[in-house]
Amino acid sequence: MLFNRFYRLTLATGLLSTIMVANSLAEQPRKAAAPLLSELTLAQTQTLLRTQQVSMAQLSDYYLQRIQKFDENGAQLNSVATLSNQLDQQVNVLEQKLKSGQPLGSLFGAIVLLKDNIDATGMPNTAGSWLMRNHVPTEDAYLVKQLKAHDAIILGKTNLSEWANFRSNMSSSGWSSLHGQTLNPHDPTRTPCGSSSGSGVAVAADFTLLAVGTETDGSVTCPAAVNGIVGIKPTLGLVSRSGIIPVAHSQDTAGTMARTVTDATIMLEAMMGVDPKDASTFEPIALATHLKKDGLKGKRIGIVRNLMGYHPQLDEVFDAQLATLREAGAIIVENTNIENKGSWNDDEFIVLLTEFKADLNHYLSQSNAPIRSLQEAIEKNIMDKERTMPIFAQETFLRAEQSPSLSDKIYTDALASAKRKAGKEGIDATLAKYNVDLLIAPTTAPAWKIDHIDGDHFLGSAIGAAAVAGYPHITVPMGDVSGMPVNISFFGAAKSEGILIEAAYGFEQITKARITPRLH
């Protein structure tokens, strides 16, 4: 179900100023030079602003008009859930800084959308749930504070798979009871993947320059891949998780989504920081210095063949790009398989169920949310089932509510086992055995058809090991299968973002393989 934009924005915020933004956009849109502003990079944006070829107001209006034309109307992609009622204020502040010559942050002029599970003042944080529609946080998440400190402009929030795809095993990626179904801009009958579906679509469709997603297991990298953009899932702890509606603290992290490796890297660098509210955070590491055109030269790169084979045409595109890697100076090592692939799956599910209950209960109890616990969410979903569960149920919620405590041996053993198998015995062992710097494989299959009867049709991916281990993973466009984008994954050891960025950037600069959706 798709919602009328006016209805969605009014319902989501209840704020008159947001209604005025939507109305003024529809009735009196200001003119923007669309050809000039189409698919900008961060560097291009900042040059246009510094040289006064475009104002910040014109820039923001460009994205607002794109959203109106193709997200609400036209293709009706339904990726943007809420517009910030603080947009005009942010624009005015930045324009004054530009005029006065004040120092500017690394993200000045960057229009950013946030996944709708990240706290941001003036906008609801809902996880896509109808039950959370009136939850407006009183404080920004740490990463949002960081973005604003670097002069990014927060445009609004994006739709997601409800509760980050952790309510039912029959869910449809990109669907939420509050915002409806998000569609893939390359083919609206196909999935945007989840759960950062709206973020991936919005970047691909040029509704924003940058977007923030979150990942527990594939929720940044899958939507980045099937929408044909860059996604970076960092090492666990590089970005704070405070102020984010959780799934599981052992795997949760925010990540960056952009049309280029450069822009995704610069935003990630801005989001880093040691947060007293998140004990897992560590000192920032240099990232932008690794944006080297010859980043592939001398890299020993292992091909993980046992993460392939589920889609022949996908493998053909991947294999065709190996010559590119070799020509750029990379040393390709074949069949560097992760021998214990998937051995962590059962342990991971125990961990996710247990941590979801504990972490969600903590978040809800510490916030001003209208529900206070997972059990209350279950009960209210039943009460409002026609509204909240019209196409799939909440069996994952029910299993999580019955999970053990964080002190239970079943959980602690599963956590230790999952981390060991995916990390030390998985990625780390593979890197050491074949003496390689990083691993590559196709990210995932082309987008499947949206199916509200049988749910998602997931064929396979290179996502799981890095997600469970808490290691970095970068996905970059590598081509297409029958017009649908497909990506290549670069992943490796903990805190190896620098190595991965060098390889991913080098590959991107040679191939320029991203395809632009043709919206109608």
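## The largest pocket

A pocket here is an open set of points on a 1 Å grid over the protein atoms alone, where a 1.4 Å probe fits, with protein on both sides within 12 Å along at least five of seven lines. Its volume is the space filled by probe spheres set on the points, which are joined across faces, edges and corners. The lining of the largest pocket (residues with an atom within 4 Å of a point) counts 41 residues, and D217, G218, E348, L352 and F458 are the closest to the centre.

Elements giving two or more residues to this lining are α8 (162-165), α13 (345-366), α16 (395-401) and α18 (464-469). The largest share, four residues, is from α13. By class, the lining has 19 nonpolar, 16 polar and six charged residues.

## The second largest pocket

Next comes a pocket of about 810 Å³. Among its 37 lining residues, R241, S242, G243, I244 and Y363 lie nearest the centre.

Here α7 (142-149), β6 (210-215), β8 (253-258) and α13 each supply at least two lining residues, and α13 again has the largest share with four.

## Behind the numbers

This is a predicted model, with local features needing pLDDT of at least 70, side-chain atom pairs counting only at pLDDT 80 or more, and totals for chains, interfaces and linings using all residues. Residues are numbered from 1 along each chain as its sequence is written, and side-chain values use heavy atoms, leaving out hydrogens and water.

Helices (H or I, at least four residues) and strands (E, at least two) are DSSP runs numbered from the N terminus. Ala, Val, Leu, Ile, Met, Phe, Trp, Tyr, Cys and Pro count as nonpolar, Asp, Glu, Lys and Arg as charged, and the others, Gly among them, as polar.
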